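User: I'm new to this one and would like to learn how to read it feature by feature. Could you walk me through it?

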Amino acid sequence: MHETTTRTTPFFNRQTLHLRPDPARVVLRPFEPAPEPRALNRIDKSRACRIFERILALDETGIETLLAATLANFKGRHRNLRDIFDRRATEMSGAFACDPSLSEARHQLIGAYFLNEYSFEAAALFNPSIVPHPNQFGTTGGRFILSARAVGEGHISSLTFRTGNVAADGTVTIDAPERLASAPEITARVGDRVELAFDPASEITERVIFPITEHQANGIEDARFVAFEHEGKTTYYATYTAYSGQAIRSELLETEDFVSFRMAPLKGVGARNKGMALFPRKIGGRYAMIARHDNENLYLIYSDNLHEWGPGKPILQPTHAWEFIQIGNCGSTIELDEGWLLFTHGVGPVRHYSIGAVLLDKDDPSKVIGRSRQPLIQPEASEREGYVPNVVYTCGAMQLEGRIVLPYAISDTFSTFATVETAALLELLKS
């Protein structure tokens, strides 16, 4: 494994753990045959319909033989293959000119023809965020769930998960992910509001949230997870960027158990760009968000409605040389006795990304009471090469037992961790 180093402030403890993309992990996604060139286009039938008719022409013995061979060929690569084939065939039924009564085997074979494997993290595994695991039973230290942006062929981004533990001495370990991976079933959909459910028997590391709507067609990017506390209940929210291939917009993911999820677009001026991050609780009875809708500065926005966000109030502007191009948030704020800790990123010369931090007033987060003058973490010369050079980036940290645990990505390619004593970080921010 290639080892690299990261330039950090002296009190940061960089972990030797690296999370790298694994091209062997694949998910099944819908396959739709490309249309024929216009000059050759046969307007009587679609390509999908012609494929369907070829399958219809097979006798039942041929169907059984071909289905058995397909199941054997992909055995061990996916969970519940027959069910996946059935669901896909049902989804495709509207594309066919006719839909006669089909045997179970023929129906499943039709579904198989309209699916393809996709290596969802073949290119990169980066921009992580971290929250405490909802199940801490039997652990020493602190268990966590890590989300990461996975990128495969065509630069399509999806959301994947890991689990791990932070030991009492601050050492971070990551559980080996399951070999299998699967996309969820869509259980309800109204416009771009979507409800999803995974098989409860699956492990969380199997679960991949792949683009579903047209607005997400090219990516679900940079999810910023937060454990939101309200009236004794914990809900996990994640703001993320939906990318259609032509336009972006901010959307919200919601779950209580990391098995069932709800997705919905965010609206308003404050939601028109990337990088929104929700506070972990209401402030003064209202939701609060850090956003950057002008490409350059950070804003504090309050709202009575979790899905609508106005322009808000600017609270942070590029000030230091390492952030002259722009600043942005690096995940949700962390509540401390001393105030709200917010990690930021800054972009400097030659589009060089660094990570810094600020401390916001506990009662009035629009007041900045501490700020790092120098980057806390920035790429060293040995780790500047990658999918996007000269970048370190995180989508969220957490505090555990007086220590900040910061997962971060290197050059948009792989991820690692750093830890720091909370007291030492606060001393630096206030100096």
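Analyst: Let's start with the naming: helices (H or I, at least four residues) and strands (E, at least two) are DSSP runs, numbered from the N terminus. Trp-309, for instance, sits in the loop between β18 (298–303) and β19 (313–316). Keep in mind that this is a predicted model, where local features need pLDDT of at least 70, side-chain atom pairs count only at pLDDT 80 or more, and totals for chains, interfaces and linings use all residues. Residues are numbered from 1 along each chain as its sequence is written, and side-chain values use heavy atoms, with hydrogens and water left out.

User: How many helices and strands does the chain have?

Analyst: There are five helices and 29 strands.

User: Is Trp-309 buried or exposed?

Analyst: Buried means under 20% relative accessible area, exposed over 50%, and partly exposed in between (1.4 Å probe, protein chains only). Trp-309 has 1% relative accessibility, so it counts as buried. Across the chain, 54% of the 431 residues count as buried.

User: What does the radius of gyration say about the chain?

Analyst: That radius is taken over C-alpha atoms, and the globule rule is 2.2 Å times the number of residues to the power 0.38. For 431 residues, a compact globule would come out near 22 Å; the chain has 23 Å, which agrees. Along the principal axes, the C-alpha atoms fill a box of roughly 80 × 45 × 45 Å.

User: Next, the helices. Why is α4 described as largely enclosed?

Analyst: Helix α4 covers residues 104–113, and seven of its 10 residues are buried, so the rest of the structure largely encloses it. Among those buried are Arg-106, Leu-109 and Ile-110. To see what covers them, look for contacts, meaning heavy atoms within 4.5 Å. The cover includes α1 (47–56), α2 (60–73), α3 (81–92) and β4 (115–118).

User: And what covers the buried residues of α1?

Analyst: That cover includes α2, α3 and α4. The buried residues of α1 themselves are Ala-48, Cys-49, Arg-50, Ile-51, Phe-52 and Ile-55.

User: Which residues of the largest nonpolar core touch the most other members?

Analyst: In soluble globular proteins, nonpolar side chains tend to be buried together. A nonpolar core is a set of buried Ala, Val, Leu, Ile, Met, Phe, Trp, Tyr and Cys residues joined through side-chain atoms within 4.5 Å. The largest one here has 23 residues, and Leu-341, Phe-343, Ile-377, Ile-404 and Leu-425 touch the most other members. Elements giving two or more residues to this core include β22 (339–348), β28 (403–410) and α5 (422–430). The most come from β28, with four residues. Leaving aside neighbours within four places in sequence, the contacts of Phe-343 include Ile-355, Ile-404, Leu-406 and Leu-425.
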